[in-house]
Amino acid sequence: MDFSDIPGEWQPIPSWVRFLINLGYGWPRGGPKPRRIALISMPCDSAAAGLIAVGAMVRDLADPRANDVDGHYDKLLLYARQFLESCDPCDMKCQPEIRHCGYTKQATGKLRSIRIPRQTFLVSNRTDFAERKLAWTYRSGMIEWTYTPQHAIKWYIDGEPPPELNETDGELSSEAYKGLFDQPIVLLENLRRSYSGLCFAGRAGGESVSRELCASMRFNNGIAEYSLDELLTIHGWSECNVSRIAFFNPRTEKLDRSNASSNLVIADGDTSFLKVCDRAEFAASDIIGVIHRNVERDRLEAVGAKILPNQWMSADTDKLCELPTLPRGISIAILKERGM
Amino acid sequence: MPTAASSIFDFLSRHENCSVQRYEIASASFGALRRAMASIIRHLRESQDHDANEISDQMRVLLFTWLTSPVEFNATIPEAIQSFGEPTVFEMRWGLRGEYREALRAAANLTSEENPLRAKLRTVIRELRAAGIPSKIFCHRKARPHFDSLLVPSSDVCVDESCFLHSVRDYNNTPPFGALLKVGPLRSAGWGAVPDAVMSAPRFETLIQIVWSGCADEPGFGYDPVTSPMNHAANQNHAPAAHHDTLGNNVSWLRNITRSGEDPLATIEYTPGEDEFYILREPGQQGGRRPATFVEIAEGGGILYPPNSMILSFDPAPDIKLPFALRQIGETLTTEMFVILTHVGDVDFGNVLASEGRYSLIWKQQLNEEMQINPDGICRILQNNGVSLLSLRTCVENWCQPSTTVIHAPQQKKHFKILIEALSIDAVANDKNNSAGLTWWQRAWNEIRISRGEAIQAGVQGHEVVEQQALNILTKLLSDVRRKAIASAGFRIAIPNGEELSGGFVFHKIIAIEEGYLVSETEIRVVRDLNTVEQWRMS
């Protein structure tokens, strides 16, 4: 596999790229473990956070629990409740931070079906939350009901990736990831399923800036070229219909999907890292912040203050010892929750 | 565009060590000048008098300019000191005991010799050029002319634009090179500021630092938030020590110090009590101060904002999704964009501020007439009534200037009141619309404040709500704004009738963003000229 971050210049994957991908791949996931916060300091501006994210994403492809299928019905019910009880009656332009409604993103009530992806359906007010019966209306006014998670899996929230594809069309190709690791373990069903347990928090400038930066890094396995933004499978960044990484936009402070519960967040840049550390929805998540040192002192100090050991977090020297030798220019600090 | 990471890592992997060559220059006459100036500044800043503080800040600007730039030792130095006043009067007024005379004497002595720091820098640049080592100079934008005047175009390879780095952004965008030249100590903000990254993330083999003796680098310079702060004095010739619970960046430095010249009256060992960057670190004026980031605008001058604040701004890039947005200073707000000052209510921009303010038109006309008839007379009246400014005549001439982006007027409210009283403006005849019960001078002062962008800063109308409404209005004016942005680096647009806000927007193109200022709250979000802002730079 070759790598390029300079247009037209290819080289075998350099050690610093390999280090970052492996760091994401080897990050402890699942099971009982202490919460960790890591800060990786880079000598220059780069899409390093994206490289770590792609490593973590490949690791998740091997995990049978890493999918959005489980709990999808509950997610739809939560979405319907938010729409019917909060967002639909609300007369404000969606500004949860001013409204203090407790939500982070507007529920429009629109659903899509993987069978009829071009049409939207509106959650009906005949939905019965006590009976866990979800109802939505067709354009003709006809009501459809669903009682079972199996049936609901065909439906998904408008603007978000479907939890599972029923056909192979649009599924993730594992070919692109094979060159990044010697023998990546990939569960085939995960290639058809979306996942929100891994989150990529982009640049302070927003989604387009983050994507542009990731697109500047490219891989070539001799058959095809892949840009890093495509490999990340963030919803809307590639032609793939499933998304294995949720995206948090620090500019709008919104996640790209409702009720996502991320166990690992990779934050790109100092502003993003600081925002993620302060967000309630990531209070239990592991966080890996990636910054570069070509910024003003004030910004460096603000980030440095977040990575100091305190009464809740201590330095994770065990994890540091497990890491291979760092490429010159990269420095790392890791904190872990005390008492675990 | 930032340099590709591969080339930086490639550079770092090939260079196990980088090196610092520090040249410390001593000079007896310049040393005498430094000590005298520092003594005056310290004396004046201890005073409770506002004017004394103002003079101390102006002297501080001079001293730090000399310490951080390769200035020519010529007549401009004694002239600059002399501009503060006649020696006897000055010393008597401020209770000095010969320090001012000493400064003048030392400055006069300087003119007979070449600045040794400048000579050393010239030699170093020529040696680097001769050896074919690609080099860059890191300096403040305002220090650039001193470097430009250093080399003789006929006999030297001229230093062109690409050789200069002025900001963290410039440094981030430059590919690896051979040597970085820096005049003055290494400090993270204020006078002589240079990014920490030059030490923590070098992309050059050698740092050549030329510095006056007695000026130490900032402790902890080269800060990496992951590893412990690096202390230059303590960590000679090896990599920065990391916390035992972090993994450091493995960047190590070899250091070499060469001293030249002598200053018999200076202490041999470094003494923090004699280091101007240590003892005069902060501006001296009284009152609560807060850190601020300076946004320099293309028309001259600039605006200070609280660090990390969100600024209403316009990005002229054609393919941008959100041309108008609140952007974080230094992060998403960058050079080539426009800051937008929203002037709400009270002022009719459509017809008035595009040329002159309603009130300023009147008092400026009167002032111009006075200056034509009897300039000494009006200046004397102002001085007698308490406008105790240095170079008062120049200041008054400046106030006569027609409005540009701001209404040129006294900085202080009390001075403005005295000015209006001295002009004896017929307030009744010239104030038919006074519905707020304010006096004429107060309304005229409000006009000046608004022109300086204080309306939103005051927060009277709810900062966030106003900005949100402003964004909505601006979106409708996009095509007009784009057209004007192509033609001009600074322009105004009135808010059309029927909108929720009345007033207008003033656009200023950003040419630089710089941290390291300490200012009072009243100076935040106000357009100020460069010389005024200089006084608030930390050292």
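Visitor: Which exposed residues does the face of α14(B) turned away from its buried side carry?

Guide: Keep in mind that this is a predicted model. On α14(B), the face turned away from the buried side carries the exposed residues B:D376, B:G377 and B:N384.

Visitor: Which residues of helix α14 of chain B are buried?

Guide: In α14, residues 375-384 of chain B, the buried ones are B:I378, B:C379 and B:L382. Viewed down the axis of α14(B), they fall within an arc of 100 degrees, so they line one face of the helix.

Visitor: What do the buried residues of α14(B) pack against?

Guide: Their partners are three helices of chain B: α13 (358-373), α15 (392-400) and α16 (413-423). After α14(B) comes B:G386, with a positive phi near 115 degrees.

Visitor: How many bridges join β1 and β5 of chain B?

Guide: Seven bridges, in the parallel sense, join β1 (residues 17-25) and β5 (residues 204-212) of chain B. As one example, B:E24 has B:V211 in β5(B) as its bridge partner.

Visitor: At what angle do the axes of α1 and α2 of chain A cross?

Guide: For a helix pair, take the axis separation, the angle and the handedness. The axes of α1 (residues 15-26) and α2 (residues 48-61) of chain A come within 6 Å and cross at roughly 45 degrees. The two helices are therefore oblique to each other, and their crossing is right-handed. Among the residues of α1(A) that meet α2(A) are A:V17, A:L20 and A:Y25; on the α2(A) side they include A:L51, A:G55 and A:R59.

Visitor: How many residues of chain B are in contact with chain A?

Guide: To read an interface, count both sides, then ask which elements supply them. Here 38 residues of chain B are in contact with 36 residues of chain A. On the chain B side, α1 (5-14), α9 (168-173), α10 (197-200) and β6 (246-247) each supply at least two residues. The largest share of that side, six residues, comes from α1(B).

Conventions. Residues are numbered from 1 along each chain as its sequence is written. Chains are lettered from A and ligands numbered from 1 in the order in which they are written. This is a predicted model: local features need pLDDT of at least 70, side-chain atom pairs count only at pLDDT 80 or more; totals for chains, interfaces and linings use all residues. Two strands pair if DSSP finds at least two bridges between them. Helices (H or I, at least four residues) and strands (E, at least two) are DSSP runs, numbered from the N terminus. A residue is buried if 20 or more other C-beta atoms lie within 10 Å of its own, exposed if 12 or fewer, and partly exposed in between; C-beta atoms are placed from the backbone. The arc is that of the directions from the helix axis to the C-beta atoms. Two residues are in contact if their C-beta atoms, placed from the backbone, lie within 7 Å. Axes are lines fitted to C-alpha atoms, for helices over the stretch in contact, and angles run from 0 to 180 degrees between N-to-C directions. Angles under 35 degrees count as roughly parallel, over 145 as roughly antiparallel, 65 to 115 as roughly perpendicular and the rest as oblique. A crossing is left-handed if the near helix is turned anticlockwise from the far one by less than a right angle, and right-handed if clockwise.
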